[in-house]
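Here is a chain to explore by question and answer. Take a look at it before reading on.

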Amino acid sequence: MSVGIIMLVHTALDRAEEVARHWTRGGCPVVIHVDKMVPRETYDGFVARLSDVPTVLFSKRHRCEWGTWGLVAASQDASELMLANFEHVRHVYLSSGSCLPLRPVEELVDYLGQRPRTDFIESATTADVPWTVGGLDQERFTMHFPFSWRKNRYLFDKLVEFQRALGYRRRIPGGLVPHMGSQWWCLTRQTLSAILQDPERERFDNYFRHVWIPDESYFQTLSRLYSTNIESRSLTLSKFDFQGKPHIFYDDHLQLLRRSDCFVARKIWPEAARLYDAFLTDPNGAMSYQEPNPGKIDRIFAKAVDRRTRGRPGLFMQSRFPNLGWENGVTAGRYSVFQGFAELFQDFESWLSRATGAQVHGHLYGPDGAEFSGGQTVINGALSNNAKLRDANPRAFLTNLLWNTRGERQCFQYGPHDNPKINWHISRDPNAQISVVSGAWAVPLFKSNANFAEIRAEAAALQKIESKMLNELRSPDVKARVRIWTMAEFIEAPMEPLQVIIDEIGQKSLRRLAEAPRLEDLTGFGQFLQNLKNQGMHPYLMGDFPVDPAPRNLPGGHRKPYLIKK
């Protein structure tokens, strides 16, 4: 009893030659199908190099485009050639040119010899498995697919839509229950010959010729008609990512492939010399007699899929970025954003740093550049304070800053003067703690000595910008922790909100604030707002500010400026 190997080859013919010789040294005859798209000169050279091996034959060539009938036709012709020329073959193993034997050939021969009537082919109905990714389930068996999904995607999709709109359904030949599974099977001579010699083969072929991806359903369906014992699994280790694309094995997968105990693996990178050397030149020590168990390494592949689809929080990669919502956390750690505080309090950044122990920056998105803490021009991760570099991708700037300062709480100022493109990104970040004193941007205008017409114009522009920012922060899609106070209500009792903010930052042990930041002198600020109103500009974001706020009495009848000390 022997095992016959069919190889479907379309590239890396030098590696295919190595593998073919390895199979024949183990006593297995080989039939090779070379894709018709391979140039004739290349094909002839390949055939000539293997002409010294009498148990290697070449079958009729077909054009084998992915998902088309050519792959089935190639498998059929190669199988017929195998069965006709090698009568001692009792199992036929279908493989590709990128497949690599992982165990000594003798082990595979003995394993199948102990199971002479068992067909190893993955075969399940579409209702039973969730394998299809971005494709069609039952519809692949009830529609026509004359166009290539890869080369004529537009026509392919339009024809599918048209058939759906018409409610068109092809009739499945009587007696067939469509099944799907891996293309790579190992069938007994009895089952395979029954499929190829069936009187109804022409009818079955005509039907499957127009099924989408027939190489994953033709033998999988027909084997159910003739096999007496099907093991619904493939002896070939073939792993797929979340997009349905096969994983490629490289040199550093050597130990992982050994642990799988599988007989064959695909896809092997043609340049993985270490793998080819290990498995093709050391047959005696390749592996031990174990039942193939790809499940032993499933956990590693599941982890790889999770890393690719979710990744590490706050670290983007090409497989996720820039797809909205694919982030496993928008940023790498918690941070705080303060809007209006630096304008309302004197030396607020230094005070916040002392109170929390966090790294406190100025306006990271200011028009003149990023104001890093301590006046730094470059910070962790070689991030520059250059405004053009930052604004080329403001979202990536924040992501990189938080990733490179992991373990240290970051705080920064923000306001209507700053780059507005980052506001929505921050608002949908669960790691963000956003505190806003609306209208505080008016304090620097109040203290400036500019012409009032210029002040009025700038106030109108800033209020319009901040109003839009606040609307974004109040959106139902916001995931950040947002607190908004009007300036009037905040200065009524600033200690309570400040204490809550400091406690949430939580860098130091919880305690009552011994000192509060010093408020700017706001004497006359109410009249300033009234002057803006008198000039036709309505400053509403500050809240209800009296024109002449009631003074806080001091001995001698002097007014006390807004000074908070505890």
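Predicted model: local features only at pLDDT ≥ 70, side-chain atom pairs only at ≥ 80, totals over all residues.

Residues are numbered from 1 along each chain as its sequence is written, and side-chain values use heavy atoms, with hydrogens and water left out.

Q: How many helices and strands are there in the chain?
A: Helices (H or I, at least four residues) and strands (E, at least two) are DSSP runs, numbered from the N terminus. By that rule the chain has 21 helices and 21 strands.

Q: What percentage of the residues of the chain count as buried?
A: Buried means under 20% relative accessible area, exposed means over 50%, and partly exposed lies in between (1.4 Å probe, protein chains only). The chain has 566 residues, and the buried share is 51%.

Q: Among contacts between residues at least 6 apart in sequence, what percentage join residues at least 24 apart?
A: Contact means heavy atoms within 4.5 Å. Take the contacts between residues at least 6 apart; the share that joins residues at least 24 apart is 75%.

Q: Which elements do the buried residues of α10 pack against?
A: Helix α10 covers residues 273–280. Its buried residues are Leu275, Tyr276, Ala278, Phe279 and Leu280. They pack against α1 (13–25), β5 (100–101) and α9 (254–260).

Q: How are α13 and α20 oriented to each other?
A: Axes are lines fitted to C-alpha atoms, for helices over the stretch in contact, and angles run from 0 to 180 degrees between N-to-C directions. Helix α13 (residues 348–356) and helix α20 (residues 495–505) pack at about 55°, with axes 10 Å apart. Angles under 35 degrees count as roughly parallel, over 145 as roughly antiparallel, 65 to 115 as roughly perpendicular and the rest as oblique. So α13 and α20 are oblique.

Q: Which residues make the contact of α13 with α20?
A: Both helices contribute. From α20 come Leu498, Ile502 and Ile505; from α13 come Trp351, Leu352, Ala355 and Thr356.

Q: Is threonine 356 buried or exposed?
A: Threonine 356 lies in helix α13. Its relative accessibility is 2%, so threonine 356 counts as buried.

Q: How is α18 oriented to α21?
A: Helix α18 (residues 452–473) and helix α21 (residues 525–534) pack at about 85°, with axes 10 Å apart. That angle makes α18 to α21 roughly perpendicular.

Q: Which residues of α21 make the contact with α18?
A: On α18, the contact uses Phe452, Ile455, Arg456 and Ala459. On α21, the residues are Phe528, Asn531 and Leu532.

Q: Which residues does leucine 57 touch, not counting residues up to four places away in sequence?
A: Leucine 57 is in strand β3 (residues 56–58). With a relative accessible area of 22%, leucine 57 is partly exposed. Leucine 57 touches Val30, Val31, Ile32, Leu81, Asn85 and Phe86.

Q: What distance separates the C-alpha atoms of arginine 209 and proline 146?
A: Arginine 209 lies in the loop between α7 (201–208) and α8 (218–226). Arginine 209 is partly exposed, at 39% relative accessible area. Arginine 209 and proline 146 are 63 residues apart along the chain, yet their C-alpha atoms are separated by 9.2 Å.
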